[in-house]
Amino acid sequence: MTRTRFSPIVTTAEMQAIEGAMFNRGFPVPALMEKVGQRLSHFLQSEFPRAQYPRVGILAGPGHNGGDALVVARELWHRGYAVTLWQPFDRLKPLTADHARYARFLGIPFVQTVAALQEVNLIVDGLFGFGLERELTGELTHSINQINTWRQPRVSIDVPSGLHSDTGAVLGAAIQADRTLCLGLWKRGLLVEEAQPWVGQGVLIPFDIPASIIEEVLATTPRGFCLDQTCWQDLPLGRSPITHKYQQGQLLLLGGSTAYGGSILLSALAARCTGVGMLVVAVPQSLKPLVLMRVPDAIVVGCPETPTGAIAHLPETLDLTRFSAIACGPGLTPEAVGVVETVLRAGRSLVLDADALNILAKFTPWPLPNSTILTPHYGEFRRLFPDLVAAGGDRLDQVTAAAARSNAVVVLKGARTAIASSKGDLWINPESTPALARGGSGDVLTGLIGGLLAQQEALTAACCGVWWHAQAGLQAEQQATSLGVYPEHLIAHLLPTLQAALTSCV
């Protein structure tokens, strides 16, 4: 992965240092506030046009976040919006006070109570930005809770007011935003899974931070990054005109059982969307006809099975060294301990999911072989790394520690899937949908990552697979609502989503 392509994730201290370095180089604070305010205003006018959202209520705090909000108020006022301001603070930073004075000169109305904003069409939250540490209390807490009961959309500037910008914790009360317009660089707290009910949809609003300053402040490793549409560039799309199937990767999928016959089939259907040159699927002998019927382009290997219908062991004729990658786990059942042990000794690139993880948790043979990818949901993660969970910290801390311990790329699935490398770097997918929260979605992801891993290195395969999977889910949701994104519908959207993305990049 080329790290510099992706937007960094920063802590409060790092963002303060970056802004401080800009100011020290001569960039005026008022100029930054104007630039930010103009970009926020442009976004709001585009996404919330005056014809549909004529009345806007703006919450302006005492600091520079409140100053940004006041610039937005001024710009929307000039463009014909009916703007109303609520500024529940007497003591303001000097620059914010100047903007407030000018807003009054323009005739923008200020109201004394937040209840006066109840009938507006849009709320813009600029009470507090990044760096808030103290708990909110008293009347302010009551007002925020009151705002959260209203039906109109709420847009927060940089960070929802009341949310800790490093941990995502709620400090007494916080605005529940529908969208959070993160300024400059992604703030860590916005990407913590537990913060998502307050963050809503995160949108990065850049303001032209020089790359040299970012590198100067964030020179140390490891680093955190957000996935974005540039992931499409890393897919194995460029092929020689004289290539052949054995040069496009060979993937072995291992899994399935009588009890869970569909899981490995979903993985296989997803894997073939990656263009992997050869797909081999090893399943219990009784499942072979089903898989062959649905995936006729795969080589299907029937394995000896236990009395309960799980794979007893792999056939001696199955040479694991011929494969570029092996993906193991969907539908496997916890009986198949020997299968997982065999796979770990194979010396191949691996994706371990589902019951392969549950088996792994019984003996945790850290460190794992190089080029191994683990794809747990949080329940499986707790079984694999119980001491890391018990030690506290949030999921981002935990997954980073898990990757370092296991020598694997760890993909911690969730509303904000986090991908940690064994070197300590972290990638987070900021775009997903709860429509994927259903059985089988993870099997689709396993197949995607497995097919990509057969063609490229582990970290790239994991990041590309996670991004592609989520984007297909978002596209499927547009067509079928959040109720209709069942796994086969998701698979049906994989290639159209890729095609649409490539077309838009041309």
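Student: What lies across strand S11 (250-254) and strand S12 (278-284) in this predicted model?

Tutor: Helix H8, residues 261-271, lies across both strands, and the helix runs at about 165° to S11.

Student: Which helix lies across strand S16 (372-374), strand S17 (409-412), strand S18 (418-420) and strand S19 (426-428)?

Tutor: Helix H16, residues 458-480, does, running at about 15° to S17.

Student: What is the order of the strands in the open sheet?

Tutor: The sheet has twelve strands in the order S8-S1-S10-S19-S18-S17-S16-S15-S14-S11-S12-S13, and the pairing is mixed.

Student: Why are strand S8 and strand S13 called edge strands?

Tutor: Strand S8 (186-187) and strand S13 (299-303) each pair on one side only.

Student: How do you know that strand S1 and S8 pair?

Tutor: Pairing needs at least two bridges. Strand S1, residues 7-10, has two bridges with S8, so the two strands count as paired, and the sense is parallel. Within S8, tryptophan 186 is the bridge partner of isoleucine 9.

Student: What makes strand S2 and strand S3 a pair?

Tutor: The cut-off is at least two bridges, and five bridges join strand S2 (residues 55-60) to S3, so they pair; the two run parallel. Threonine 84 in S3 stands opposite glycine 57.

Student: Why is strand S3 called mostly covered?

Tutor: Strand S3 spans residues 82-86, and four of its five residues are buried. Buried means under 20% relative accessible area.

Student: Why are tryptophan 366 and phenylalanine 385 called a stacked aromatic pair?

Tutor: Two conditions apply: ring centres within 6.5 Å, and planes under 30 degrees apart. Tryptophan 366 and phenylalanine 385 have 5.1 Å centre to centre and 15° between the planes, so they are a pair and the pair is stacked. The count of aromatic pairs comes to seven.

Student: What makes this a link between distant parts of the chain?

Tutor: The two residues are 19 residues apart. Tryptophan 366 is in the loop between helix H11 (355-363) and S16, while phenylalanine 385 is in the loop between helix H12 (378-384) and helix H13 (386-390). Trp366 and Phe385 also form one aromatic cluster with Tyr378 and Phe381.

Student: Are tryptophan 366 and phenylalanine 385 buried or partly exposed?

Tutor: Tryptophan 366 has a relative accessible area of 22%, which falls between 20% and 50%, so it is partly exposed. Phenylalanine 385 has 0%, which is under 20%, so it is buried.

Student: How do you know that the charged end of arginine 395 sits over the ring of tyrosine 378?

Tutor: The charged end of arginine 395 is 4.0 Å from the ring centre, and the distance limit is within 6 Å, with a further limit of within 35 degrees of the ring normal. The charged end of arginine 104 likewise sits over the ring of phenylalanine 110, 3.8 Å from its centre.

Student: Why is lysine 423 called exposed?

Tutor: Its relative accessibility is 76%, and exposed means over 50%, so lysine 423 counts as exposed. Lysine 423 is in the loop between S18 and S19. In space, lysine 423 and alanine 403 are 7.9 Å apart, C-alpha to C-alpha, and in sequence 20 residues apart.

Note on methods
Residues are numbered from 1 along each chain as its sequence is written. This is a predicted model: local features need pLDDT of at least 70, side-chain atom pairs count only at pLDDT 80 or more; totals for chains, interfaces and linings use all residues. Side-chain values use heavy atoms; hydrogens and water are left out. Contact means heavy atoms within 4.5 Å. Axes are lines fitted to C-alpha atoms, for helices over the stretch in contact, and angles run from 0 to 180 degrees between N-to-C directions. Rings of Phe, Tyr and Trp (its six-membered ring) pair if their centres lie within 6.5 Å; planes under 30 degrees apart count as stacked, over 60 as edge-to-face and the rest as tilted. Buried means under 20% relative accessible area, exposed over 50%, partly exposed in between (1.4 Å probe, protein chains only).
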